[in-house]
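Please study the sequence and the structure before reading each solution.

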Amino acid sequence: MLNRKLKIFVYHDLTTQPSEFSQTYNLNVYPNVFDKQVQFIKKNFNVISTDDLLESKIPEKAALITFDDGFKSYFTNAISILKKYNMPSIIFLNMEPIKGAVFWAGLITYLCDKHSEFRRHVASKAKLNYDEKALYIYCSREIVNSFLKLKGDTFKSEVDEYVGDFATLQNLESVSSNKLVFFGNHLYNHDVPLLLSDNELIESFCKNEDELRKYPNSRNMFAFPFGQPDTCFSRRQIELLLENGAKKVFSAYPVINSDISAPYLHRIPLDTHNNTKSRIWFNILRRSFKI
């Protein structure tokens, strides 16, 4: 059943001391659990690189390992584990926070989680209920910046502590010639794509692409921030990015890919609770029937 399908796994943070952000949104995997998952993937699948995918060199039982955002833990923890098993991976980066700016996803989730006044502000501006569960996906730049101006505060230090350590330019440079490590595009910062105009989306994509081209291991592949189809990005935006140079576009919608040659592909998260073979298999197999 799985032989002719492409399994793509997505991770974010990988540390024994996850930040509040990673814990709240279930983004962290403990390194010892990740090691077990990598062993499992290597034993049961044929792990391909991004170049294999771009060149359509896709064997049966193919799998691809990806990371999002740009947490420092990818560079300090994940790469060494993957190297031990000679397994390639790609990390989709937001270059603006790596260069020192506030991580946008961290800012909007921090404000939604910590400030009732901000929730009321967003609900009022976006004409939503205050108790909307995922209020952060309605946080446009205009709405957020109007609140920051009102408060006279950027909340950067609070957000940095809430999110945890992000990679640095030095981290990227240190692995730029590593044959197992590839960089992909995740927008210049982690905006909700559906809240961006066409021009804003392409501007952010191209600005990030310009930064990534400085590294020989960058590839013209794109993963949507937040990653949920229709809720966070549209079919039109997929086509727009493909028209503007992206060779492959990825969601974070958790299903296995039946059409392995498609330019638009889905990814399955493995979290720290997938810590046994049976749990990993269950997580994979239940996804294969979702489409």
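Ala, Val, Leu, Ile, Met, Phe, Trp, Tyr, Cys and Pro count as nonpolar, Asp, Glu, Lys and Arg as charged, and the others, Gly among them, as polar. The model is predicted: local features need pLDDT of at least 70, side-chain atom pairs count only at pLDDT 80 or more, and totals for chains, interfaces and linings use all residues. Residues are numbered from 1 along each chain as its sequence is written, and side-chain values use heavy atoms, with hydrogens and water left out.

**Exercise 1.** Describe the largest pocket and its lining.

*Solution.* Begin with the term: on a 1 Å grid over the protein atoms alone, a pocket is an open set of points where a 1.4 Å probe fits, with protein on both sides within 12 Å along at least five of seven lines; lining residues have an atom within 4 Å of a point. Next, the volume, which is the space filled by probe spheres set on the points, is about 760 Å³ for the largest pocket. Of its 33 lining residues, His-12, Tyr-25, Leu-27, Phe-226 and Gln-228 are the closest to the centre. By class, the lining holds 17 nonpolar, eleven polar and five charged residues. Finally, helix H13 (277-287) gives the largest share, three residues; helices (H or I, at least four residues) are DSSP runs numbered from the N terminus.

**Exercise 2.** Which helix gives the most to the lining of the second largest pocket?

*Solution.* This pocket has a volume of about 270 Å³. Among its lining residues are Glu-96, Arg-141, Asp-191 and Lys-207. The classes are three nonpolar, three polar and six charged. Helix H11 (residues 198-212) gives the most, with four residues.

**Exercise 3.** Is helix H6 mostly covered or uncovered?

*Solution.* Count the buried residues (under 20% relative accessible area, 1.4 Å probe, protein chains only). Nine of the eleven residues of H6 are buried, and the helix is mostly covered. The buried ones include Trp-104, Leu-107 and Tyr-110. They pack against helices H1 (20-24), H7 (116-126), H8 (141-151) and H9 (156-163).

**Exercise 4.** Which residues have the most contacts inside the largest nonpolar core?

*Solution.* A nonpolar core is a set of buried Ala, Val, Leu, Ile, Met, Phe, Trp, Tyr and Cys residues joined through side-chain atoms within 4.5 Å. The largest has 68 residues, and Phe-34, Ile-41 and Phe-183 have the most contacts inside it. H6 supplies the largest share of this core, seven residues. Apart from it lies another core, of 15 residues, including Leu-6 and Phe-250.

Note on methods
Helix = DSSP H or I, 4+ residues; strand = E, 2+ residues; numbered from the N terminus. Buried < 20%, exposed > 50% of the residue type's maximum accessible area, 1.4 Å probe, protein only. Contact = heavy atoms within 4.5 Å.
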